[in-house]
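Visitor: I am new to this structure and would like to learn how to read its features. Please take me through them one by one.

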Amino acid sequence: MRGAVAADAEAVHGLAGELAEALGDKPPDLPAVRKRLLELLDEPRARVLVVEGEEGLVGAATLWIKPDLAHGDVVIEVPMLVVAGEARRRGVGKLLVDGIREVAASEGATLVELIATSDNSVARAFYRSLGFVETDHVSLEFVGDMQDPPDPDE
């Protein structure tokens, strides 16, 4: 495992596409992934971790180191963790989680937050096997027009 570099953009794009497909989302385009990767690499509170196999990059995770007033400490948020389909069940996900925990420890974080869809029982079981617990939180996403949000009085 290592930190991502700009040259990883195409491979990270492929992994992000696999994740989008699994979630039923629209896959990101390569120029957008390249731009976001460069931004994350330049952001001191972000990390992008990747795992290489013989076939190239086989896993990636992004994380944010964030001061959190709700918890009164530092929290690590993991918006993306993906392992290539052909590399699953080979320890890649565990390597990424171990890397996330290392960052969390070095930053003095007391909590790592990540999301798995409710119907992804395989991922949820994997995370539970590594000590994560499921909470009763409900995740909501606003996917409307940011410039013209709905009027709650209508």
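Visitor: Where does T135 lie?

Guide: Helices (H or I, at least four residues) and strands (E, at least two) are DSSP runs, numbered from the N terminus. T135 lies in the segment after α4. This is a predicted model, in which local features need pLDDT of at least 70, side-chain atom pairs count only at pLDDT 80 or more, and totals for chains, interfaces and linings use all residues. Residues are numbered from 1 along each chain as its sequence is written, and side-chain values use heavy atoms, with hydrogens and water left out.

Visitor: Is T135 buried or exposed, or in between?

Guide: Buried means under 20% relative accessible area, exposed over 50%, and partly exposed in between (1.4 Å probe, protein chains only). T135 has a relative accessible area of 49%, so it counts as partly exposed. Its C-alpha atom is 25 Å from that of S106, a residue 29 places away in sequence.

Visitor: Which segment holds D151, and how far is D151 from G72?

Guide: D151 is also in the segment after α4. With a relative accessible area of 38%, D151 is partly exposed. Between the C-alpha atoms of D151 and G72 there are 33 Å, and along the chain 79 residues.

Visitor: What is the order of helices and strands in the chain?

Guide: The chain has 4 helices and 5 strands. Their order along the sequence is β-α-α-β-β-β-α-β-α.

Visitor: How does the radius of gyration of the chain agree with that of a compact globule?

Guide: The radius of gyration is taken over C-alpha atoms, and the globule rule is 2.2 Å times the number of residues to the power 0.38. For 154 residues a compact globule would have a value near 15 Å; the chain has 16 Å, which agrees. Along the principal axes, the C-alpha atoms fill a box of roughly 55 × 35 × 35 Å. Of the 154 residues, 31% are buried.

Visitor: Which residues touch the most other members of the largest nonpolar core?

Guide: In soluble globular proteins, nonpolar side chains tend to be buried together. A nonpolar core is a set of buried Ala, Val, Leu, Ile, Met, Phe, Trp, Tyr and Cys residues joined through side-chain atoms within 4.5 Å. The largest one here has 39 residues, and those touching the most other members are L63, I76, L81, V92, L96 and I100. At least two residues of this core come from each of α1 (9-23), α2 (30-42), β2 (46-53), β3 (56-68), β4 (73-83), α3 (92-106) and α4 (121-129). The largest share, 7 residues, is supplied by β4.

Visitor: What does L81 touch?

Guide: Contact means heavy atoms within 4.5 Å. Not counting residues up to four places away in sequence, L81 touches L19, A60, A61, L96, V97, I100 and Y127.

Visitor: Where is D8 found, and is it buried or exposed?

Guide: D8 is in the loop between β1 (2-3) and α1. Its relative accessible area is 7%, so D8 is buried. Apart from neighbours within four places in sequence, D8 is in contact with R2, L37, V50 and L57.

Visitor: What about R47: which strand holds it, and what is it in contact with?

Guide: R47 belongs to strand β2. R47 is partly exposed, at a relative accessible area of 27%. Leaving aside neighbours within four places in sequence, R47 is in contact with A61, T62, L63, I65, V103 and E107. From R47 to E18 the C-alpha distance is 20 Å, and the two are 29 residues apart in sequence.

Visitor: What is the phi of R89?

Guide: Most residues other than glycine have a negative phi. R89 is not a glycine, yet its phi is positive, at about 65°. R89 sits in the loop between β4 and α3. Its relative accessibility is 81%, so R89 counts as exposed.
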